[in-house]
Amino acid sequence: MEPLALAYSHDGGQLAVALSSNSVVVFDVATGRDLVNIQTSESISQLEYSPDGLYLAMANEHKVDVRGVGEYTRRTLLQFEPQVNDIEFSPDNTQLAVL
C-alpha cells in the first residue's frame with residue numbers, strides 16, 4: 001500500500017492521502033486519527049481541496065470524483081477523454097479546471 005497523491009485542506013486541518021490500494025484516507029492533522037476511508041474503483045492520481053474546504057476532488061486517468069467534505073458523499077462524477085492530468089479549483093470555488 002503506497003501513497004500516490006496527497007492534499008492538505010486549506011485550513012491545514014485535514015490531509016487526504018490516495019493509496020495504491022484504491023482508497024483515499026483523510027486524516028485529522030492535529031490528532032493523526034483517520035476520519036474516513038473512501039474506497040475507489042481505481043487508483044487516484046490527483047487530489048485537491050476546494051479553497052473553502054467544502055469539497056475534495058479526486059481524479060484518476062479518466063474520471064474526476066467530487067465529494068462533499070464531512071460525510072464525503074459524492075457530489076458529482078465526471079468522465080473525460082483523453083486522460084486527466086491535473087485538477088484545480090478556482091479561488092472563488094465556482095469552477096473546477098481539468099487538464
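**Exercise 1.** Leaving aside its neighbours within four places in sequence, with which residues is Ala16 in contact?

*Solution.* The model is predicted: local features need pLDDT of at least 70, side-chain atom pairs count only at pLDDT 80 or more, and totals for chains, interfaces and linings use all residues. Residues are numbered from 1 along each chain as its sequence is written, and side-chain values use heavy atoms, with hydrogens and water left out.

Step 1. Apply the criterion for contact, namely heavy atoms within 4.5 Å.

Step 2. With neighbours within four places in sequence set aside, the partners of Ala16 are Ala5, Leu6, Ala7, Val24, Val25, Val26, Leu47, Tyr49 and Leu56.

**Exercise 2.** Identify the largest nonpolar core and the elements that contribute to it.

*Solution.* Step 1. A nonpolar core is a set of buried Ala, Val, Leu, Ile, Met, Phe, Trp, Tyr and Cys residues joined through side-chain atoms within 4.5 Å. Buried means under 20% relative accessible area, exposed over 50%, and partly exposed in between (1.4 Å probe, protein chains only).

Step 1. The largest such core has 13 residues, and Ala16, Val24, Leu47, Tyr49, Leu56 and Met58 have the most contacts inside it.

Step 2. Two or more residues each come from β1 (3-8), β2 (14-19), β3 (23-28), β5 (46-49) and β6 (55-59). Strands are DSSP runs (E, at least two residues), numbered from the N terminus.

Step 3. A separate second core of seven residues includes Ala59, Val64, Val66 and Ile87.

**Exercise 3.** Describe the burial and the pairing of β2.

*Solution.* Step 1. Six of the six residues of β2 are buried. Gln14, Ala16 and Ala18 point one way from the strand, while Leu15, Val17 and Leu19 point the other way.

Step 1. Strands pair if DSSP finds at least two bridges between them. β1 and β2 run antiparallel and are joined by five bridges, with Tyr8 opposite Leu15. Five residues lie between these strands in their hairpin, where Gly12 takes a positive phi near 75°.

Step 2. β2 and β3 are also antiparallel, joined by six bridges; Ala18 has Val24 as its bridge partner. Their hairpin has three residues between the strands, and Asn22 takes a positive phi near 60°.

**Exercise 4.** Is Ser50 buried or exposed?

*Solution.* Step 1. Ser50 lies in the loop between β5 and β6.

Step 1. Ser50 counts as buried because its relative accessible area is 0%.

Step 2. Apart from neighbours within four places in sequence, Ser50 is in contact with His10, Tyr55, Phe89 and Asn93.

Conventions. Helix = DSSP H or I, 4+ residues; strand = E, 2+ residues; numbered from the N terminus.
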